[in-house]
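Here is a short report on charged side-chain pairs. Please keep the sequence and the structure at hand while reading.

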Amino acid sequence: MKLSLSRFAVAVALALPVAGAGVMVAAPAMAAPAGPDLSKPFLAVGVPFQTALEKVKKAPSPEGIADLRAQYEKVLAAATKPDDKFTAGNWGIQLGSLAKDDTLQGKGIQMMVDSGKTPPDLLPKLHFALAQMALQAKDNAGARKNLEASIAAGNKEAEPHVWLAEINFEEKQTKAGFDELNKAIEIAGTAAPENWYRRGLGFAYEARDYAQAVNFSTKLVKAYPVTKSWSAAIAVLRDLGQLPSQDTIDLMRLMARTNSWAEERDYGEFVQAADARRNPAEVKAVIEAGVAAGKVDASKTFYAEALKTATTRIGPDKASLPGFEKDARAANATVGTVTGAGDAFLSYGESAKAMDLYKIALTKPGVDKPVVLTRLGIAQVDAGDYAGAQASFAQVEGPRKPMAELWSLYAAQKAAGK
């Protein structure tokens, strides 16, 4: 996906007042340079040129434009002083606009910049316009130079940083690209378009940069909490994180809660990680959801066998839950027993009992806190305790932290009614 390049455009008729020799101009669109000092030779050719220019602007014609081009060559030859060059550049932009000649407009802009007479408030815009033209010409060096000059001159907008990011990505300078894109998103705030986040996420995936993948995934679902955002964010973390199965199931449980399945592989990953022998109810529900969505063929051996195993185990499994819970609540219950019971109740959607058991597990020696805190948070989300869930996810450290941050965002969005 390529960022779109807006058509080069500078406000037509950047008319600046020119003093002396009866030269008449339109009302200024911006402040004029103080005390313009125009040479006599320049005024001698400039007065008739401007008169002709204003006439052609009112009634454009190929002949009139051709005549202006010829006169403009004389204007350029006579432009020796800085104010001459600034004014000639301004006329070049107007003539280029009439002639639909971007090259001429670009030369006019460059002449204004090089004259040293450009008003400070206009300089960032002119450098940015030159950068756009350089990008159209696939001149990355020229574009980079003018983008940086635009920023240095006071451009506070996000776009220059977006294009510097694009140039850096194209030139395989990925770290610099991420820095510029993150800066652009920060500047744009809520106005940052979705494709900026996806651009960063895509490059993070290509570069196998897990930290940046987490960064852009989190920003994407926070700014655009829609199904396709969750799907992309979860898939990239799954692919780059190289997660063990117990981590994968908790990440894919988020895909289930956000209903962001995108392809058969998503369902398959969940079924494999969850294991029909350990979490039969969830495996059965996910396979059936995949079939209903038209993305899973239940006749395939992998799904058929998993569905058969899950279906036959659900009855006996549920019947064993009361005894499992009793053992887990015993004073001498091991952390494994308590955690296992919590996992079983979470899998069967009994979030209240799962929460209680996970809290007990957290008091036991040898507890795997990141795992238990993650699943406690999931149970709290399922129970509608979104504040409690966010508090649990905030305590998760280590490799599970990025996953917990995504879960926490989901909890926050549910709390906000999204």
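The sections below cover the salt bridges of this predicted model.

## Overall count

Side chains of opposite charge can pair when their charged atoms come close. With a cut-off of 4 Å between a Lys or Arg nitrogen and an Asp or Glu carboxyl oxygen, the model has 27 salt bridges. Three of them are described here, including Arg-69 with Asp-101.

## Arg-69 and Asp-101

Arg-69 and Asp-101 form a salt bridge, at 3.0 Å from N to O. Arg-69 sits in helix α2 (residues 62-78), while Asp-101 sits in the loop between α3 (82-99) and α4 (102-115), so the bridge ties together parts 32 residues apart in sequence.

Are the two partners buried or exposed? Arg-69 is partly exposed, at 34% relative accessible area. Asp-101 is buried, at 18%, because buried means under 20%.

Asp-247 pairs with Arg-400 in a salt bridge of 3.0 Å, N to O. Asp-247 belongs to helix α12 (residues 245-257), and Arg-400 to the loop between α20 (386-394) and α21 (401-415). They are 153 residues apart. Both are buried.

Asp-250, also in helix α12, reaches a distant part of the chain. Its salt-bridge partner is Arg-375, at 2.9 Å from N to O. Arg-375 lies in helix α19 (residues 369-383), 125 residues away. Asp-250 and Arg-375 are buried.

Definitions and conventions: Residues numbered from 1 in each chain as written. Predicted model: local features only at pLDDT ≥ 70, side-chain atom pairs only at ≥ 80, totals over all residues. Heavy atoms only, no water. Salt bridge = Lys/Arg side-chain N within 4 Å of Asp/Glu carboxyl O. Helix = DSSP H or I, 4+ residues; strand = E, 2+ residues; numbered from the N terminus. Buried < 20%, exposed > 50% of the residue type's maximum accessible area, 1.4 Å probe, protein only.
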